Amino acid sequence: MSQNVRHLRITARLCLACLLLPATAGIALSAPADAAARGRREAELIKTLTSDASQARKDLACRELQVIGARACIDALEAMLPDEKLSHMARYALESMAYAEAGKALRDALGKTSGTTKVGVITSLGFRRDSQATAELSPLVSDRDQDVAVAAVAALGRIGTPAAAGVLARVRKSATGRLRAVAAEASLTAAEQLTGRGRQAEATVIWEGLQDAKWPAHVRQGAFVGLLSAGGDRAADRAIAAIGGGDPGLRAVAIANSSVLKGPGVGKRLADQLDKLPPDAQVLLIDVLAQRGDPAARPEIVRAAASDSDRVRTAALGALGGIGNATCVALLCKAVATGKNDAERQAAINSLQSLPGEKVNANLLACMIAAPAEARPALIDALAVRQAPGTVNALVEQASGSDATVRTAAFKALGQLATPGDLPALVRLLVSPIGGDAPGEAKRAVVLVSRKIRDDSAQADVVLAALGEAPATSIRCSLLQTLGGIGNAKAFAAITAARSDKDADVQDAAIRALTAWPDARAMDATIGIFRTTENVVHRVLALRGCVRMVGISVLSTNAKLDILGELLREAKRAPDKQLVLSSLADVADPAAIALAKPYLSETTVRGEAELTVLAIAQAIKTSHPAQANAAAQALLKQSKDRMIRRDAGRLVRDLTPSQPR
Amino acid sequence: MNSSRLSRRGFLGRAAASVGSAAAAPYIIASTALGAEGRPAASERIVMGTIGIGGRGRGDMAAFLGNKDVEMAGVCDVQGARRKHAKATVDRHYGNTDCKAYIDIRDILARKDIDAVLIATGDNNHSMVSIEAARAGKDMYCEKPMSVAIAESRAVSDTMRRFSRIYQCGTQRRNVANFVFAAHLARSGKLGKLKAMHAEKAWPDSNVHFGVLPGQADPPREAVDWNGWLGPAMWRPYNPQYISRGYWLRHGDFSGGSICEWGSHTVDICQWANNADDTSPIEYRTINKNNDIEAIYANGVKLYIRKGLRFGSCPIRIEGEDGWVETGDSGRIEVYPKSLIAQRRFRGGYPQNDHVREFLNCVKSRKQPIAPAEGAHRSITTCHVANICVRLGRPVKWDPIKEEFPDDDEANRLRSRAYRHPWRL
């Protein structure tokens with residue numbers, strides 16, 4: 001069972017589960033629309049809270065008051081705060097109320113609660129960032145109940161006023177154990193609050209204090225990021241010091257956060273750290289320098305591209321794609337030619353494809369011409385990806401060279417870069433001695449460039465002219481295949497004529513071109529081939545061509561059924577029948593089911609036939625429910641495939657009127 | 001310390017303490033120095049714990065165990081059967097009995113040798129455990145959805161920043177090829193100016209409920225730690241039905257229903273596609289009786305959270321002025337114009353392996369992963385705001401900068417829920 005099916009099944013079970021929810025699930029939690037109704041509802045809920053109703057009912061009342069409660073309910077909620085069982089849900093309602101009275105209720109409860117209820121009240125005051133609670137919370141940081149003290153420290157951190165920060169500073173100095181850890185966290189929180197209030201200097205003092213080695217690594221690292229976020233030259237100084245420092249964890253954090261550092265010369269200063277670092281850290285820093293895109297870092301990156309470390313070299317070569325310029329082309333081309341491993345070569349190729357700068361294309365072209373044959377295909381690809389102008393002549397030259405791999409790459413690039421004006425040169429290559437065994441890329445290149453001609457009727461002209469002058473059979477066959485790819489009316493006429501050629505190879509090329517025609521223009525001709533040919537290969541090609549063309553044609557449903565029906569009846573081999581059946585699945589008509597049905601009992605194609613019938617039945621379930629139902633019922637009864645039975649069963653259920661429960 | 005248990009954390013700590021400068025010691029000990037055959041050296045291993053080991057947790061844990069630089073040192077679950085099964089799985093994997101099993105998250109998080117945790121508890125506890133893990137200095141891979149309320153995931157994101165922790169949300173489709181391709185088409189402008197995005201929800205009905213079941217006698221803590229299972233949520237007497245996923249997934253105290261269940265993935269991909277990882281739509285309304293949602297981003301792009309897309313579970317559809325793309329977990333993808341798809345084929349499914357691997361790399365590099373806390377918070381906020389719109393039965397407006405509903409006290413109250421002792425945001 002696929003992961004996907006499993007996921008859908010789980011969801012189906014969840015849908016079922018929703019039907020089994022208990023009666024208590026239907027609690028109204030949306031607010032009444034008008035103020036008067038809300039007031040009445042609030043009064044009812046207050047009544048519940050002040051009655052001897054069960055805890056569950058009071059809990060639910062609090063939940064509702066969280067949304068609709070006004071000032072009127074605050075007294076009732078406050079009265080619940082000291083009650084260990086009810087306190088949490090009273091806070092549930094009070095905590096998110098914007099009323100000052102809600103805050104006062106919580107503050108007043110500090111003196112009426114103890115233990116867990118007091119901890120809860122303190123936590124709610126902290127959540128509300130109730131600065132008025134600072135005075136009451138401050139003494140609690142030394143409460144004998146450590147849970148209370150911890151909660152008070154945490155709350156002061158969230159409140160984050162200068163006064164609260166002052167208390168926290170004292171706790172940081174004196175606290176031990178759990179309280180000390182919470183003091184660190186609260187201080188980090190307070191520093192953020194102070195920053196938000198524009199009190200950057202006070203925040204910086206906190207973060208600097210938490211840099212001390214006595215604090216755990218995550219506290220130091222968090223404080224360090226806080227200092228970097230403060231920005232300015234000091235931030236860069238700190239980052240560079242940490243990168244060059246002896247704490248590997250802090251170094252990694254510093255590098256990871258250096259991409260956003262600002263200031264004059266920061267990129268250069270960061271790059272200057274490179275050669276002082278171990279290889280793994282160099283890789284991280286190179287990545288950051290690339291993200292920053294500061295050209296000042298380029299010399300160091302270029303130097304790193306010659307590192308002894310494979311990983312550093314690869315990272316540097318990759319980084320040059322963004323940070324390099326035309327002067328880096330030779331270095332990158334050399335890496336493509338002589339790189340020590342695939343990763344390094346690929347990094348260089350990627351960079352050559354994206355390297356910015358005016359002279360890059362010219363330098364790359366020169367390097368490509370001078371490069372050893374084994375490196376040239378990648379460099380030619382890079383030129384193509386760059387859509388480098390002014391390279392066609394050189395590529396034509398490469399396409400006529402002696403190295404087959406280079407020729408293939410050059411033709412591929414020419415398909416993208418050449419213009420209709422270059423077509424005669426390309427076709428000359430195709431009909432030259434090289435063209436006799438021209439790679440598929442050569443024909444594809446001519447097709448692609450021909451199709452760039454805006455006038456559809458002129459797209460095949462250059463190739464047709466060459467065909468008229470071509471004496472050799474192999475060249476004529478090659479040109480006919482190319483015409484088939486171009487696929488306009490003139491090409492069609494030429495290929496139709498070639499079917500009557502006295503040369504059997506030319507006839508074969510014409511038939512292959514027709515059966516592979518890119519649109520439905522060749523449908524009739526292809527059906528004709530299917531009906532008349534005695535050549536087994538041509539018959540199979542024609543059948544496949546017909547099926548493909550039916551799929552892309554705008555034929556009527558009846559016409560599609562006629563063609564596919566004929567193909568199905570005449571198909572001899574199981575793969576051919578399967579192909580036709582799969583195409584039949586796209587015809588949403590009951591007659592298509594009738595065509596597929598006989599094959600449900602044919603062992604070799606039963607699976608495909610079942611899928612076809614199921615797909616058609618699903619497609620016609622709205623337009624022809626009775627026929628869809630009958631087909632699904634038959635599959636449900638006969639299929640040995642569990643998934644088919646499952647989907648057929650679903651379809652039957654969909655199509656069966658639901659019974660009252 | 002036993003050398004076979006020497007952790008990366010321990011190594012970094014020792015290096016920091018004993019090395020005066022980078023030049024005084026190698027940054028990383030050569031793998032041949034400490035590594036067993038086929039495994040990285042202990043200094044390069046990430047010592048981990050798994051918290052919450054139901055069906056999803058088992059799958060995630062297997063993905064982590066498949067990485068040789070992971071050493072799973074402990075497992076934690078409030079349910080005894082799951083705990084024992086997970087320990088047995090880990091022990092079988094390593095051929096020893098070293099894995100420790102815990103009931104209480106605080107005990108596993110207190111282990112100083114653990115660098116990172118996988119969190120796959122029920123949704124209700126995702127935020128609370130994430131925050132506690134960060135406070136304990138751990139990095140984490142946490143399953144989706146990130147939170148049950150907006151304030152929770154805001155707190156998670158803030159806490160991760162505060163302690164400079166690595167957080168990868170388990171929205172692994174950000175590392176699944178067909179979804180990545182779809183998002184890339186949108187982000188690179190190949191679909192033209194975006195117009196609308198469609199994110200499928202898990203089942204037709206968008207409502208959540210707040211049912212209370214009849215109480216039963218508490219089970220032994222070894223079997224089910226009921227208080228631990230409830231976490232920060234409202235206390236209530238034990239009833240085993242709560243623990244059934246089919247129940248809690250639709251309960252507002254424990255999850256976010258249909259919209260959060262799949263929206264945490266599908267809305268997340270849409271946000272990513274819309275370059276909206278730092279924001280959420282600003283207007284929301286329901287559009288039919290199933291409470292499907294139409295939301296509008298500040299850049300005018302519409303987001304529909306609904307059913308009816310194709311291609312298996314968690315499908316999305318993104319429409320621009322020049323084209324569209326639709327895909328889902330079946331791996332099938334339809335793109336218009338077809339030229340945009342080229343020759344690409346996708347396998348389908350929603351494997352987490354690449355997502356897990358990326359997280360592990362980030363633990364080492366300290367770079368932010370593809371699904372960091374802030375982005376995940378924004379995605380799940382979109383889902384929560386949609387849920388609040390459904391719950392209030394009226395349109396709502398959202399200010400993604402202030403993270404509040406402008407002039408809407410009623411809606412603002414639903415951004416948070418008071419945590420039950422001893423937990424706090």
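This is a predicted model: local features need pLDDT of at least 70, side-chain atom pairs count only at pLDDT 80 or more; totals for chains, interfaces and linings use all residues.
Q: Where in chain B does B:Pro422 lie?
A: Residues are numbered from 1 along each chain as its sequence is written, and chains are lettered from A and ligands numbered from 1 in the order in which they are written. Helices (H or I, at least four residues) and strands (E, at least two) are DSSP runs, numbered from the N terminus. In these terms, B:Pro422 belongs to the segment after helix H14 (409–413) of chain B.

Q: What is omega for the peptide bond that joins B:His421 and B:Pro422?
A: The bond between B:His421 and B:Pro422 is a cis peptide bond. Its omega is about 5°.

Q: Which loop of chain B holds B:Pro337?
A: The peptide bond from B:Tyr336 to B:Pro337 is cis as well, with omega near -5°. The place of B:Pro337 is the loop between strand E13 (333–336) and helix H12 (353–365).

Q: Is B:Asn291 buried or exposed?
A: B:Asn291 is a residue other than glycine with a positive phi, near 55°, and it is found in the loop between strand E8 (283–286) and strand E9 (293–296) of chain B. Buried means under 20% relative accessible area, exposed over 50%, and partly exposed in between (1.4 Å probe, protein chains only). Because its relative accessibility is 15%, B:Asn291 counts as buried.

Q: Why does A:Gln387 count as partly exposed?
A: A:Gln387 is not a glycine, although its phi is positive at about 55°, and it sits in the loop between helix H23 (376–385) and helix H24 (392–399) of chain A. The class of A:Gln387 is partly exposed because its relative accessibility is 45%.

Q: How many residues of helix H28 of chain A are buried?
A: Helix H28 (residues 440–450) of chain A is largely enclosed by the rest of the structure. Its buried residues include A:Glu441, A:Lys443 and A:Val447. What covers them includes helix H25 (404–417), helix H26 (423–431), helix H29 (461–469) and helix H30 (473–486) of chain A, where contact means heavy atoms within 4.5 Å. The buried count is 8 of the 11 residues.

Q: Which residues does A:Ala242 touch, not counting residues up to four places away in sequence?
A: A:Ala242 is found in helix H14 (residues 232–244) of chain A, and it is buried, with a relative accessible area of 9%. With those sequence neighbours left out, the residues that A:Ala242 touches are A:Phe224, A:Leu250, A:Arg251 and A:Ala254.

Q: Which helix gives the largest share of the lining of the second largest cavity?
A: The largest share, 3 residues, comes from H13(B).

Q: How far apart are the ring centres of A:Phe492 and A:Trp517?
A: Rings of Phe, Tyr and Trp (its six-membered ring) pair if their centres lie within 6.5 Å, and planes under 30 degrees apart count as stacked, over 60 as edge-to-face and the rest as tilted. By this rule there are 12 aromatic pairs over all chains. A:Phe492 and A:Trp517 form one that is edge-to-face, with 75° between the planes and a centre-to-centre distance of 5.4 Å.

Q: Where is A:Trp517, the partner of A:Phe492?
A: The pair links distant parts of the chain, 25 residues apart, with A:Phe492 in helix H31 (residues 489–498) of chain A. A:Trp517 is buried, with a relative accessible area of 0%. Its place is the loop between helix H32 (504–515) and helix H33 (523–532) of chain A.

Conventions. Side-chain values use heavy atoms; hydrogens and water are left out.
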